[in-house]
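The following explanation leads from the overall fold to the surroundings of a single residue. Please keep the sequence and the model in view while reading.

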Amino acid sequence: MARTALIISGGAPNSTLIAGALEAFHELGVKVDVISTAGAGALLGLMYIAPKNGDVVSTLRGLKEMGVADFIYRAFPVNFKVFHKPGPLAEAYRQTLAANPLLQMMQQWPASNPWAQTLKDGAALALASASPSDLSSDSLGLCAHVPFAEQIIDFEALQDSDAHFWLNAYNLSQHQMENWPRRQIDLKHLQAALSFPYLYPPTEINGDFYIEGAAIDCLNFKDLRKNHPELKEIIVFDLLGAEKLLRKPKDLYDAWVMSIITPLVEIARDDIKLFEALHSDGITLHKVPLIDAIAEKDLPDVFDWSRSNMDRLYQTGYQAAKNYAAAKLAHLIN
C-alpha cells in the first residue's frame, strides 16, 4: 500500500536545486512509495530511480556539468549543452561527434578550475555552433528533444524500481492530461513530458501530439490522489515564492526565461492552495523550502545556467532537504 509520495515539479533552470535535494534524500535513505513528476521533474525523477550507470549520486551531480563556464556564460548567456539544434542533420552531426574518441575524452575531462572549465566549455561551444540544422520559420520548436537522455537514464531499470513512478503530459489531440505509470514510460514519453511549447515541438505518440504537462499542471495532485487514494503523506520540493524571483531582467534572454518560469511558480502556488482546500483530507503535506534557502544576494542569478550558479543551487538544495528531512521526515528515514 502506497502511503508516501514525492512530487517533483518543473523548472529546468532550477534543476540542480532539486538534484541536490534528491541526493540528500538518497543519502539519508528517505523512503517514498510513489514519485510523481511533471516537466523537467520527469528527467530528474528518472535520474534518481533509474540512473544509466547505476550510481544515483554521480548521475545527479553530473547535472552540474551542464552548467556553462562563467566567463563564457557572461558573454553568451545560452546553455548550448542543454538546448541542441533540431533536425536530422543536427542529429547525424551529434552522433558523429559521439563516435569520436578524442571528443569523448574531452567531454570526460574533469575540468577542476575556472580556466580549465572555460577551455573545455569553449571547445563545446564551438562544436555546438558548427552543428547544421533545418530550423526555419515553419519549425514547431527551437530545439531537439533532450538528445542526451538515454546516456543518463536506464529505461529498462525503471521497471525494477520499488517505487511507483508517474509522469504527465498534455494530449493536444484529445485535449486532456495524461499520466503514464513506469511500465509505459520510455524515451518518447519522457520527450512528451518535456515538450514545452516553442522550446520543443510537440511529441507524437500513437498518432496523438503531446506537450509538457507542467505547462498546464505543475504538481499533478488530482491524478496522484486518484491513482493512490490511500496516501497519507506527500512531499513537495517547494519552488514557490514568485515574488522573490521577480526582478528587472539582466538582458533579453533573461527576460524570456523569467517569462516562462514566473507563471509556472504562480500556477504551482495556486495548485498547492487548491490541493489544501479540496484534496488534502487526511494527508500531511510536507513543503521542503528550497527557494527560501537561497541567499538574498544570489536570487538575481537563480535562473542562470552558469557553472557557479548550478553548483551553488546544488549545494543549497542538498542542505535544505537534509535539514528538513532531519527535522520533519525522520520517520521515513531508513
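**From the fold to one residue**

The protein contains 14 helices and eight strands, where helices (H or I, at least four residues) and strands (E, at least two) are DSSP runs numbered from the N terminus. This is a predicted model, in which local features need pLDDT of at least 70, side-chain atom pairs count only at pLDDT 80 or more, and totals for chains, interfaces and linings use all residues. Residues are numbered from 1 along each chain as its sequence is written, and side-chain values use heavy atoms, with hydrogens and water left out.

Along its principal axes, the C-alpha trace spans about 55 × 45 × 40 Å. Of the 334 residues, 54% are buried, that is, under 20% relative accessible area with a 1.4 Å probe, counting protein chains only. Among contacts (heavy atoms within 4.5 Å) with a separation of 6 or more, 77% join residues 24 or more positions apart.

Asn79 lies in the loop between α4 (70-75) and α5 (88-98). Asn79 counts as buried because its relative accessibility is 0%. Leaving aside neighbours within four places in sequence, Asn79 is in contact with Met66, Val68, Tyr253 and Trp305.

Note on methods
Buried means under 20% relative accessible area, exposed over 50%, partly exposed in between (1.4 Å probe, protein chains only).
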